[in-house]
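Subject: Structure for you to look at

Hello,

Here is the structure I promised to pass on. Please open it and keep it beside you while you read.

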Amino acid sequence: MKPLSRPSFHEIPLSAPGAGPYGITTGPDGALWITMVHSGQVARMTLEGRIDCFPLESSACRPCIITPGPDGALWFTQSQDHRIGRITTEGAITSFPLPTSNAGPFGIASGPDGALWFTEMNTDRIGRITTDGAITEFPLHTSGAFASAITSGLDGALWLTLNQANAIGRVTPEGDVQIHPLPTPSAAPVGITRGADGALWFVEIGAGQIGRITTDGEIREFPLPDRAARPHAIVADPSGACWFTEWGGNRLGHITKAGVVQEYDLPTPSSEPHGLVLGPDGALWIALEIGRILRVSFPEG
């Protein structure tokens, strides 16, 4: 999607303000799937705006990140009741308790080995779950790291943000760990994505920067115009650029592979943008915690 100076915004009410749309992804059915972090639900929304909500076992389970799995279902983390959830495109729900109590799972992504990999914020571990529910955990060999988002790299490893360790982690499918400290103190990385250039791009919520790390460990950081913007989630597009949400600045951001940044104010003040995804229609879709989904497009001409 080519960024222009005047994007088109369309907000769709999804839930009551207290439900809290948070993570968002595209399912294999071409619909958008959204976690409702405060109400303990997963929602399905078609591109035409039809909405179905599926309650989870507990309204207090705090579902966070959601991703398509290799089995045609959607997989998500439940950070408060410490489970990994699975929902089919028909709405059938299963969940799997983690072996370690109070794990706090947050990020989740499909790995190169046909399993799902997830972070544990509270235990300094990374987890692996097969599509039939078998779970293995691997230590990150660091203390108080607050492992957050995760993605799969072109090198066959998993890459994750270590929010409180101020670092980016790399974990092989065998569980071998490398930690890459960030140059900026207290950068507090959160969202991470694999770029079209083969590098990993991530946001630094504490420093107001976008970071890039190659699979060889070379790091560059790009300051945002508003260092208090608190960037939260990031997604790559096929052009080699990335899009990101600015939770504190109430904006959508765009960064080219050369590090050039553009920002776009969102139409509703204090809308609390969190997850975002490039949809099957070529538009960007953003989960707004105030209870709405925002569609952003850049018309030609």
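Start with a definition: two strands pair if DSSP finds at least two bridges between them. One more point before the findings: this is a predicted model.

**Strands β14 and β15**

Strand β14 covers residues 147-152, and β15 covers residues 158-162. They run antiparallel and are joined by four bridges. Within this pair, T151 stands opposite W159 of β15. The two strands form a hairpin, with five residues between them. G156 sits in the turn and has a positive phi of about 85 degrees.

Is β14 enclosed or open? Six of its six residues are buried, so β14 is largely enclosed by the rest of the structure. Buried here means under 20% relative accessible area.

Next, look at β12, residues 125-129. β12 pairs with β11 in the antiparallel sense, over five bridges. T119 stands opposite I126 in β12. The hairpin of β11 and β12 has four residues between the strands. There D124 takes a positive phi near 55 degrees.

β12 also pairs with β13, residues 135-139. Five bridges join these two, and they run antiparallel. R128 stands opposite T136 in β13. This hairpin has five residues between its strands, and G133 takes a positive phi near 95 degrees.

**The spot around A115**

A115 is in the loop between β10 (105-110) and β11 (116-120). How accessible is A115? Its relative accessible area is 1%, so A115 counts as buried. Leaving out residues up to four places away in sequence, A115 touches A109, S110, R128, I129 and T130. Now find G69. G69 and A115 are 46 residues apart along the chain, and their C-alpha atoms are separated by 8.0 Å.

**Salt bridges**

Side chains of opposite charge can pair when their charged atoms come close. How many salt bridges does a search of the whole structure find? The search finds twelve.

- E11 and R292 meet through their side chains at 2.7 Å, N to O. This pair links distant parts of the chain: E11 is in β1 (residues 8-13), R292 is in β28 (residues 292-297), and they are 281 residues apart. R292 is partly exposed, with a relative accessible area of 31%.
- R44 and D29 form a salt bridge at 2.8 Å, N to O. R44 lies in β4 (residues 41-45), while D29 lies in the loop between β2 (21-26) and β3 (32-36), so the pair ties together parts that are 15 residues apart in sequence. R44 is buried at 16% relative accessible area, whereas D29 is partly exposed at 30%.
- R295 and D281 form a salt bridge at 3.1 Å, N to O. R295 lies in β28 and D281 in the loop between β26 (273-278) and β27 (284-288), so the pair ties together parts that are 14 residues apart in sequence. R295 has 25% relative accessibility and counts as partly exposed. D281 counts as partly exposed too, at 32%.

Which residues do salt bridges with shared partners join into one network? They are D226, E246, R251 and E263.

Best wishes

Terms used
Residues numbered from 1 in each chain as written. Predicted model: local features only at pLDDT ≥ 70, side-chain atom pairs only at ≥ 80, totals over all residues. Heavy atoms only, no water. Salt bridge = Lys/Arg side-chain N within 4 Å of Asp/Glu carboxyl O. Buried < 20%, exposed > 50% of the residue type's maximum accessible area, 1.4 Å probe, protein only. Contact = heavy atoms within 4.5 Å.
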